[in-house]
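Let's take a walk through a protein together, one stop at a time. Have the sequence and the 3D view ready, and look up each residue as we come to it.

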Amino acid sequence: MSGSYNTHSIYSASGAHRWMNCPPSAQLEKQFPNETSTFAEEGTAAHDLAEHKLKKALKMRSKKPTSPYHSDEMDEMTDLYVEYCLELIESSKENCSDLQILIEQKLDFSDYVPEGFGTGDLVVVGNGTLHVVDLKYGRGVIVSAEKNPQMMLYALGALSLFDMLYDIEKVSMAIVQPRVDNFSTWEITVEELLKWAEEELRPKALLASTGGGEFCAGDHCRFCRAKNQCRARAVKNLELLKYEFQDPALLADEEIAEIIGLADELAKWAGDIYTYATALAINEGREWDGFKLVEGRTRRKFTDETAVAETAKEAGYTDIFKQSLITITEMEKLMGKKKFNDILGNLVEKPKGKLTLVHETDKRQAVDPIHAEFQVED
Ligand code: SF4
């Protein structure tokens with residue numbers, strides 16, 4: 001199972017890509033709660049179902065899990081994962097009399113990373129090869145097995161279980177991400193893996209555990225719990241804005257292309273900050289200098305179209321249908337504002353708008369989020 005779903009160590013395998021690139025993030029993250037998300041819960045449900053199916057296919061005892069996240073798609077995707085695992089097991093069985101198969105195995109790599117452990121979805125050992133398979137149910141980011149530190153950590157954990165019993169020469173890692181049709185594999189010799197562990201992993205893990213090293217922003221910030229308030233990320237992104245413009249008055253195509261690339265990174269960062277600031281303003285009444293909360297714009301709508309049609313007809317208005325009932329604006333134009341209000345006023349509602357943080361010069365009235373009920377984005 002991917003470490004992000006159930007590990008508690010701050011040096012989790014799933015976070016390895018982040019803390020190896022930015023070692024002090026491990027300590028910085030400690031002050032932020034490890035919030036779960038519907039994606040994480042859905043991932044856990046998929047893993048539980050996949051584990052059950054694989055065990056059943058291998059004639060092992062297992063009770064079918066239940067979850068509100070189960071769906072036809074999850075059923076189909078976990079079938080693909082199980083199919084992949086069974087093929088791997090079958091091919092590993094050839095010429096191997098003592099194949100070891102472990103499902104949802106806790107893997108301890110604390111020899112290299114303090115308190116480090118994760119859970120391997122499937123570990124297979126035989127014929128001098130250690131196989132580690134990880135199911136990824138997410139579809140947001142395509143994950144490669146190549147030089148993937150999470151997989152390498154799982155491999156180190158699995159090696160420490162088996163290297164006294166088996167003569168293992170190479171490790172084969174596989175990421176199965178069926179929702180985006182990604183079946184990524186990568187092989188490394190045990191010798192190379194141990195060299196990486198000593199030369200790269202161990203020093204970075206030491207820095208991470210002591211809060212040492214340099215903050216370094218990049219793609220890996222995406223899943224960092226400190227990403228909204230991180231100064232290093234802000235500095236790096238603001239640095240992107242210092243674009244060196246060339247002399248001609250108009251931007252060249254290459255410059256536009258370069259700016260689009262920068263804009264994408266900046267938009268992600270700005271979006272994170274905006275979501276964070278809006279959530280604090282709505283949920284805790286936090287005030288940000290120069291900004292206020294207002295109701296989002298909404299459109300009026302009829303509460304009951306049949307009642308509107310009858311009421312308008314009773315009032316002598318017959319020209320009120322196009323192919324369907326005319327719109328509120330058209331009805332108001334037809335009747336005139338006052339009559340519209342008198343006749344249909346109680347059949348019109350204006351839904352509450354989504355709370356939005358806007359610049360203080362915006363013309364709308366500021367609202368108090370604590371004492372009023374408003375629509376809040378999911
Ligand atoms: S947001 Fe990025 S730069 Fe900041 S601590 Fe996290 S990983 Fe490091």
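**A guided walk**

We start at Asp 181, which counts as exposed because its relative accessibility is 62%. The terms are these: exposed means over 50% relative accessible area, buried means under 20%, and partly exposed is in between, using a 1.4 Å probe and the protein chains only. Asp 181 lies in the loop between β4 and β5. Helices (H or I, at least four residues) and strands (E, at least two) are DSSP runs, numbered from the N terminus. Although Asp 181 is not a glycine, its phi is positive, about 55°.

Before we go on, a word about the model: it is predicted, so local features need pLDDT of at least 70 and side-chain atom pairs count only at pLDDT 80 or more, while totals for chains, interfaces and linings use all residues. Residues are numbered from 1 along each chain as its sequence is written, and side-chain values use heavy atoms, with hydrogens and water left out.

Glu 104 also has a positive phi without being a glycine, with a value near 50°. This residue lies in strand β1, and it counts as buried because its relative accessibility is 19%.

Now look at Glu 146, in the loop between β3 and α6. Is Glu 146 buried or partly exposed? With a relative accessible area of 49%, Glu 146 is partly exposed. Setting aside neighbours within four places in sequence, Glu 146 is in contact (heavy atoms within 4.5 Å) with Ser 184 and Trp 186. From Glu 146 to Val 180 it is 34 residues in sequence and 17 Å in space, C-alpha to C-alpha.

Next comes the interior. In soluble globular proteins, nonpolar side chains tend to be buried together. A nonpolar core is a set of buried Ala, Val, Leu, Ile, Met, Phe, Trp, Tyr and Cys residues joined through side-chain atoms within 4.5 Å. The largest one here has 39 residues, and those touching the most other members are Trp 19, Val 113, Leu 130, Leu 153, Leu 193 and Leu 201. Several elements each supply at least two residues of this core, among them α2 (16-21), β1 (100-108) and α7 (190-210). Which element gives the largest share of this core? That is α6, with nine residues. Leu 153 has contacts beyond four places in sequence with Ala 13, Ala 16, Trp 19, Phe 109, Val 113 and Leu 201.

Helix α7 is also the place of Ala 208, which counts as buried because its relative accessibility is 0%. Not counting residues up to four places away in sequence, Ala 208 touches Tyr 11, Trp 19, Pro 23, Ala 26 and Gln 27. Ala 208 and Gln 27 are 181 residues apart in sequence, yet their C-alpha atoms are 6.9 Å apart.

Leu 344 is buried, with a relative accessible area of 0%. Beyond four places in sequence, its contacts include Phe 302, Val 308 and Met 331. The C-alpha atoms of Leu 344 and Met 331 are 9.4 Å apart.

Our last stop is the ligand. The residues around it, each with a heavy atom within 4 Å, include Arg 18, Ser 25, Phe 215, His 220 and Lys 227. By class, this shell has eight nonpolar, two polar and two charged residues; Ala, Val, Leu, Ile, Met, Phe, Trp, Tyr, Cys and Pro count as nonpolar, Asp, Glu, Lys and Arg as charged, and the others, Gly among them, as polar.
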